[in-house]
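Could you walk me through this structure, from its aromatic rings to one of its loops and then to the other chain? A guided tour in plain paragraphs would be welcome.

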Amino acid sequence: MKENIFKSALLAIIVLSISFSATAQVWEVPSDKKEITPAITFSMKTKTQGKDIYAKSCKSCHGDIGKANFLPLNPAPNDPGSERFSNQTDGELFFKLTEGRGGMPAFKSQLADNERWAVISYIRSFHADYKPTGGGGEIVEESSAFTGTNIKLFVNKDQVNLEITIEVQGNVDGKTVSAPGVRVGFFIERNFGLLSVCEPVTTNKNGIAKAKFPGDLPGDSLGNYNIIIKLIDDDLYGNVEYKETLSWGKAFIYENPIEGNHLWGNNTSVPLWLLISYISVVLFVLITIGWVVLQMLKLKKAGIKK
Amino acid sequence: MSELQSKEEARKSFDKMAKDIVRPMQNHFGLNAWVFTLFLILSLFGYAWFLQLRDGLGVTGLHDYTSWGMYIANFVFFVAAALVGMLITAVLGLSGVKWITPISRIAEIIAVSFAMIAGLVIVFDMGRPDRVLNIFFHGRLQSPIVWDITVVTIYTIISMLLLLLPLIPDMNIIKKRLPKASNMQLKMYNILSLGWMGTPEQYKIIHKSIRVLSILIIPVALAIHTVTSWLFASTLRHGWDSTIFGPYFVSGAFVSGVAAVIIAMYVFRTSYKLQDYLTDFHFDKIAKLLVLVSLVYFYFNINEFLVPAYKMKSGDDHHILALFVGEWAVLFWFAQIFGNFVPIVLLLFKKMRKPGPMMIIATLAILGAWAKRFIIVVPTQLNPHLPIQNVPDSFHVYTPTGPEIAITIGTIGMALTIITILAKIFPVIPIWEVAEEKGIDREIINE
């Protein structure tokens, strides 16, 4: 009996180690996990939520879905729009996203279950052949999303409160109407990209969205900066944006750390204190030496006199 | 020697003294062999330098990481030992210490030759010596390297003046006592004696000038070695990022300088037969001086190594362990034991404070001092803040090559050559000062 336990334990260890070394090559997902189905119903809303999460947490390695511009890492992160992903079950994707492996982080501690499913719903929107599994996995087009065309932005600025109100309008059946449920982003142009002023704002039923700008953002030397207001869902509405230069920022005077007289400057910009110290010390010493040389001449004269 | 002597006796004793000191300038047993040795060393140097000039610094063991190697260690060593001129002539001279009188010229000769060679070593450290001019065209006053060039030059000038000034009365003495001297040599003595007649006014001028220079050389000498230490300490690197590097270097300088003077005293005493002037008394005194400066240096070593070792800051720990028990341990402990500890312990015994044993102790101390400069310069560069990676394997270590060692030995040969020449054309003991101390009348000295 004891021997049997020992044997089976040994067998278990061998099997485990083989399966472990196998996972090092192919990412095996336990079969019970494979079968898991989405806990949420995929919808435009979950897709949008997933898109935002993807942009923050996934894009840096996986790149833009469908463009195969993922980072050249080993193992490769791959493009979630590719067959490699579309061939997997919802359960497999969820497991991998949850547990992570190697360079792929485990997101179970960073994203809630629903958020992870939202990311999958976004990824699934790129898989043409995707057939919803189980109960919930179906993309429902929500009626709340505005479906008009020829979207226009009308901008109102409140100079006193540094507040911008925009009205979004679009064409529905040839008529211009206010566009509700459109997500609008407010940004300020910085050197290396766009700075979000606030979370994206969804227009209300009158097509209006508001954002308040902080008063202490650095602008150029006159306090100017460029604002950019644009629709987040450019895949729905095309690239609609509004750009303007405002003088709402704080004047920021850039001081070049190399200009001026500093210890780290070049030989023409010596700090004054250093120049004075150096010259005065060296002069003092040289004058003293010169005095001694004069004394030596005097010594010679004193000898001749006698 | 305070008892009054009759004039005749005084004259006789002064004559004997002058003869004793001047004689080896013309008759010197073993000089040819010595000059030949120096010639060999310098020829070897010439060939090695030719190789380095032709092929560049690639002939040395220097590389991207260890860009300061044996040359800079050697430079620091020469600057260090040169400080002894200031210690003997200025610090001890101004405080009225009498026993240094016959030693002071030896100390000055060492100071002049070592300071000159220190400047030259920097030129040999450069693959393109012509670029030394860039320091004048493009030097940044903010850089310790510019300060270093300034003080090394000034220290050399002051040391030369401090060698020449006390020589003036001696020139007058020796020019009558050198029958074999050539006309040119006599002419040189004539010029250098600056028409010395021994008038009270001349005495006044010479004493005043020496005193002023002695005062001036103290801050300059402190500056030269402090600035040399700042070449290292003004960086953030492990082992160099230290606030006490200035005094640590200066105290170490006195150890190597005094050891160098002891060796020179021994050599001149035996080969120039100056036993009556460089007596056991002088050796005993300078041995005690070596103990004193070694103790000060010991104190700074404790601060420099034990305080960081107590903290073991990350990064510093690698450096300290490499020195204490790692790849540098042999050299490190050799430097600490022979360059510092042994002189302190052995010279406490009276039996050891004799010329023979002191010669051995001082030689060990000099070797230790040289090794210590190597330990200060090289290991830090092999332990940079960013790990050494993606480079040839040879960059992980520093091994001086043949030409590098030959050039380094060559610079030592040059220093010895200068000392030899100076000791051949000038008396190594200041005759007039020693005579004055013996109470011999100025009239007899300047006859």
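Contact here means that heavy atoms lie within 4.5 Å. Keep in mind, too, that you are looking at a predicted model.

With that in hand, let us begin at a loop of chain B. B:Ser242 sits in the loop that runs between α10 (200-233) and α11 (245-271) of chain B. Is B:Ser242 buried or exposed? Its relative accessibility is 14%, and because buried means under 20% relative accessible area, B:Ser242 counts as buried. Leaving aside residues up to four places away in sequence, B:Ser242 touches B:Ala233 and B:Glu304. Its side chain also has a polar atom 3.2 Å from the backbone nitrogen of B:Ile244.

Next come the aromatic rings. A pair of aromatic rings is described by how far apart the centres are and by the angle of the planes. Over all chains, the structure holds 35 aromatic pairs. One of them joins B:Phe77 and B:Phe78 in an edge-to-face arrangement, with 5.7 Å centre to centre and 65° between the planes. The pair counts as edge-to-face because its angle is over 60 degrees. Both partners are buried, B:Phe77 at 6% relative accessibility and B:Phe78 at 1%.

B:Phe77 also pairs with B:Phe114, and this pair is tilted: 6.5 Å centre to centre, with 45° between the planes. Where in the chain do B:Phe77 and B:Phe114 lie? B:Phe77 belongs to helix α3 (residues 70-82) of chain B and B:Phe114 to helix α5 (residues 104-125) of chain B, so the pair links distant parts of the chain, 37 residues apart. B:Phe114 is buried as well, with a relative accessible area of 9%.

Elsewhere in chain B, ring pairs link a cluster whose members include B:Trp68, B:Phe232, B:Trp240, B:Phe245, B:Tyr248 and B:Trp333. Another ring to look at is that of B:Tyr203: B:Arg442 lies over its face, at 3.7 Å from the ring centre.

Finally, turn to chain A, which has eight helices and nine strands. This chain has 306 residues, of which 33% count as buried. How much of the contact in chain A with a separation of 6 or more comes from residues 24 or more positions apart? Such residues account for 57% of those contacts. As for its surface, chain A exposes about 19100 Å², and carbon and sulfur atoms supply 58% of it.

How values were computed. Residues are numbered from 1 along each chain as its sequence is written. Chains are lettered from A and ligands numbered from 1 in the order in which they are written. This is a predicted model: local features need pLDDT of at least 70, side-chain atom pairs count only at pLDDT 80 or more; totals for chains, interfaces and linings use all residues. Side-chain values use heavy atoms; hydrogens and water are left out. Rings of Phe, Tyr and Trp (its six-membered ring) pair if their centres lie within 6.5 Å; planes under 30 degrees apart count as stacked, over 60 as edge-to-face and the rest as tilted. Buried means under 20% relative accessible area, exposed over 50%, partly exposed in between (1.4 Å probe, protein chains only). Helices (H or I, at least four residues) and strands (E, at least two) are DSSP runs, numbered from the N terminus. A charge sits over a ring if NZ of Lys or CZ of Arg is within 6 Å of the ring centre and within 35 degrees of the ring normal. A polar contact is a pair of N or O atoms within 3.5 Å; within protein, one must be able to donate a hydrogen and the other to accept it, and residues adjacent in sequence count only if both atoms are side-chain atoms. Accessible areas come from the Shrake-Rupley method with a 1.4 Å probe; for residues, only the protein chains shown count as cover.
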